[in-house]
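Please examine the sequence and the structure shown here before reading on.

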Amino acid sequence: MAAKGLVLCHAGRLDEGIDLLEESLAREHVLLQKPLPLLAAALKGKSRLGLSDTRCGGELDTSTEYNLAKALGIRGRDGDMKRVVNLLEVATRRKPQSTANANMLGNAYRRIARVDDAIGQYLHCLAFDPSCLDAHINLIACYQIQGNLAASAKHAREAVRIDPEVKMS
């Protein structure tokens with residue numbers, strides 16, 4: 001059922017795919033046992049909520065929670081962000097070593113103005129992968145929001161060291 005939901009999301013039928021992923025999560029409460037890259041490939045870079053795949057190393061999460069959070073983030077309806085945060089918190093507890101989970105949860109926290117929590121997730125991501133470009137870029141924005149320009153500059157320098165051609169907007 002979860003796989004069919006991913007296929008529907010891949011085909012652009014987000015509402016139907018999300019319904020199946022939700023149903024699968026409610027009925028089965030199990031993680032997908034093998035990676036299904038369909039959703040990641042289909043949705044890469046399309047999220048209006050900054051929930052695209054991360055440019056970090058480390059282990060990716062293929063759980064239903066993670067994939068449902070991505071689909072909800074892309075759909076972007078009012079009320080979806082609270083569900084996205086809840087799903088990613090579950091996924092992150094189950095797979096704390098996943099830099100994708102930490103980065104996406106940080107993005108979700110930032111979208112709902114929980115900047116301190118976002119910073120914590122990005123730093124968690126860097127603990128597993130110090131060269132995670134997305135975490136450094138996200139920390140630049142968070143520290144600027146807080147007015148901590150020294151910390152923001154530190155992560156800007158690190159982002160440029162990792163990728164001299166990085167674009168920061």
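The quantity pLDDT is the predictor's confidence in each residue, on a scale from 0 to 100. The model is a predicted one, and the mean pLDDT of its chain is 75.

**Confidence**

- A pLDDT of 70 or more is reached by 65% of the residues.
- Helix α7 (residues 115-128) has the highest confidence in the chain, with a mean of 96, whereas helix α3 (residues 38-43) has the lowest, with a mean of 41.
- Over residues 29-53 the pLDDT stays under 50; for this stretch the model has 57 contacts beyond four places in sequence.

- Alanine 113 is located in the loop that lies between α6 (99-111) and α7.
- The phi angle of alanine 113 is near 65°, which is a positive value in a residue other than glycine.
- With a relative accessible area of 63%, alanine 113 is exposed.

**Helix α7**

- From first C-alpha to last, the 14 residues of α7 reach 20 Å, close to the 20 Å expected at 1.5 Å a residue.
- The buried residues of α7 are Val115, Ala118, Ile119, Gln121, Tyr122, Cys125 and Leu126.
- Viewed down the axis of α7, these buried residues fall within an arc of 165°, so they line one face of the helix.
- In an α-helix there are 3.6 residues a turn, so residues three or four places apart point the same way.
- Asp116 and Ala127, on the other side of α7, are exposed.
- The cover over the buried residues of α7 includes α5 (80-94), α6, α8 (133-146) and α9 (149-162).

Methods:
Residues are numbered from 1 along each chain as its sequence is written. This is a predicted model: local features need pLDDT of at least 70, side-chain atom pairs count only at pLDDT 80 or more; totals for chains, interfaces and linings use all residues. Side-chain values use heavy atoms; hydrogens and water are left out. Helices (H or I, at least four residues) and strands (E, at least two) are DSSP runs, numbered from the N terminus. Contact means heavy atoms within 4.5 Å. Buried means under 20% relative accessible area, exposed over 50%, partly exposed in between (1.4 Å probe, protein chains only). The expected span of a helix is 1.5 Å times one less than its number of residues. The arc is that of the directions from the helix axis to the C-beta atoms.
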